[in-house]
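Subject: Structure handover

Hello,

Here is the structure I said I would pass on. My notes on it follow below.

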Number of protein chains: 2
Amino acid sequence: MHLFYTPDIEPSVKQYFLNEEESKHCVRVLRLSVGDEVQLIDGRGGFYIAGIKDAHPKRTILDIVSVTENYQQRNHYLHIAVAPTKNIERLEWFLEKATEIGIDEVSLIICQRSERKDARVDRLNRIITSAVKQSIKAYHPVLNEAVPFSKFIAAGLTGQGFIAHCGPGDKEALKSVLTTGGRSTILIGPEGDFTDSEVVAALNSGYKPITLGDSRLRTETAALEACFEVNFLNRV
Amino acid sequence: MHLFYTPDIEPSVKQYFLNEEESKHCVRVLRLSVGDEVQLIDGRGGFYIAGIKDAHPKRTILDIVSVTENYQQRNHYLHIAVAPTKNIERLEWFLEKATEIGIDEVSLIICQRSERKDARVDRLNRIITSAVKQSIKAYHPVLNEAVPFSKFIAAGLTGQGFIAHCGPGDKEALKSVLTTGGRSTILIGPEGDFTDSEVVAALNSGYKPITLGDSRLRTETAALEACFEVNFLNRV
């Protein structure tokens, strides 16, 4: 069954109108017609089954057949703050894979050693949305605009915080320090890693130093490894 | 320090000649000169430090300073057999990421629902090699030529075998069934998954059915998830 991402739908509605682009896709491309059923997700946990009432190519009318709220709600909240990679495609595939595996929020942090100082959030969000649809996630991960590392740290920490870095100092494995079922924020640095002063700033702000194993990982691989580990440890 | 992949070097040698391409890269591109040190890996666990004796642009001579055998030897053997993805780039990044995270052998299996019937192993091997160098792995993962699923299964199983599929039937999580420290082979199907008859054939050949969690994962994501889980469970 085809799935549409419709962030403006409300669980209370009995009927929904696909916008012009989606109507065209539904009727002209997918060639769906009256009576056919489609799936809708609102990105906030709502999963809908709807039947086509009027296959209008510009304003398709859907009758809502069923609504499931909190569809496949995750049992924890994962926020990864990662430095945009020099090659933006590496960040893009991290976003796609993290969406498939499970993530709630991504922040882009510009660090002292960041070669890339910005990233187009609109484009990156489209990649997340297509992964949301492909893997049928009713929750759409939140992607925040890029901010300087110092500003991100200063905003304060809710739940557990961790910083993965390759510098000296004691580090724990996530499986030893992560409290499952809670909210966690993990900092992943740029190519060239965090600077010592950034690490110190994070530690002073309550972030715990972690290791993601002995392998030397690229930025996007480290971010995905962290995403893997938190989901794995939270899996019942 | 720059690293060269030199599969033909032997731990016993005292001197090594870079081939013409590497000599040119060493002298003309990196502009290294007499006395500079480089790293060499042989892909079989040998990690070398060598000093440039003669910075010849076509036949650079290196004096071996130190040899470490079984460098960062892994404590288990992981073999993933995966169906080549329709979009070959997805298989390519799996190979890059699996090499970073840790894998010993990859087989390409052509399944009943495979849209892609072959893959250029030489090109894929170059991707593995660059990941080996980037993440400084002394062991080069082995990539096998594509074979039909049935032929792969018929070849027999050494150690534990698992098949990850989305069809019906009881499945265990890897953390419940994987014996750490051993040899494991994991089967990952194509877009559209394994057919029921392929699953039955695998079970009859001693492969155990596993789940990689509730998320709907693409082929390459499932393969990487399996790679991550086995490494995570084997991490002391």
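**Loop residues in chain B**

Ile136(B) sits in the loop that runs between α3 (121-134) and β8 (142-148) of chain B. Bear in mind throughout that this is a predicted model. Phi of Ile136(B) is near 50°, which is a positive value in a residue other than glycine. The relative accessible area of Ile136(B) is 18%, under the 20% limit, so the residue counts as buried.

Arg31(B) also has a positive phi, near 55°, and is likewise a residue other than glycine. Its place is in the loop between α1 (20-29) and β3 (37-41) of chain B. Arg31(B) has a relative accessibility of 66% and therefore counts as exposed, the cut-off being over 50%.

Thr60(B) is buried, because its relative accessibility is 0%. Leaving aside neighbours within four places in sequence, Thr60(B) is in contact with Tyr16(B), Phe17(B), Leu18(B), Ser23(B), Cys26(B), Val27(B), Ile52(B), Asp54(B) and Ala55(B).

The pairing of β4(B) with β5(B) is antiparallel and covers seven bridges. Tyr48(B) stands opposite Val67(B) in β5(B).

**Nonpolar cores**

The largest nonpolar core has 86 residues, of which Ile80(A), Phe94(A), Ile80(B) and Phe94(B) touch the most other members. Apart from this core lies another, of 15 residues, including Leu18(B), Leu40(B), Leu62(B) and Ile64(B).

Which residues does Ile80(B) contact, leaving aside its neighbours within four places in sequence? They are Phe94(B), Ile103(B), Glu105(B), Val106(B), Ser107(B), Ile186(B), Ile188(B), Ala223(B), Ala226(B) and Cys227(B).

Helix α7 of chain B comprises the 16 residues 219-234. At 1.5 Å a residue, α7(B) should span 22 Å, and its end C-alpha atoms are 23 Å apart, which agrees.

In helix α6 (residues 196-204) of chain A, the buried residues are Glu198(A), Val199(A) and Ala202(A). Viewed down the axis of α6(A), they fall within an arc of 100°, so they line one face of the helix. The spacing rule behind such a face is that an α-helix has 3.6 residues a turn, so residues three or four places apart point the same way. The buried residues of α6(A) pack against α4 (149-154), β9 (160-164) and β11 (183-188) of chain A. On the face turned away from the buried side, α6(A) carries the exposed residues Asp196(A) and Asn204(A). Just after α6(A) comes Gly206(A), with a positive phi of about 100°.

**Chain A overall**

Chain A has seven helices and 12 strands. Its C-alpha trace spans about 65 × 35 × 30 Å along the principal axes. Of the 236 residues in chain A, 52% are buried. Among contacts in chain A between residues at least 6 apart in sequence, 73% join residues at least 24 apart.

Regards

Technical notes. Residues numbered from 1 in each chain as written. Chains lettered and ligands numbered in written order. Predicted model: local features only at pLDDT ≥ 70, side-chain atom pairs only at ≥ 80, totals over all residues. Heavy atoms only, no water. Buried < 20%, exposed > 50% of the residue type's maximum accessible area, 1.4 Å probe, protein only. Contact = heavy atoms within 4.5 Å. Helix = DSSP H or I, 4+ residues; strand = E, 2+ residues; numbered from the N terminus. Expected span 1.5 Å × (residues − 1). Arc of directions from axis to C-beta. Core = buried A, V, L, I, M, F, W, Y, C linked by side-chain atoms within 4.5 Å. Pairing = 2+ DSSP bridges.
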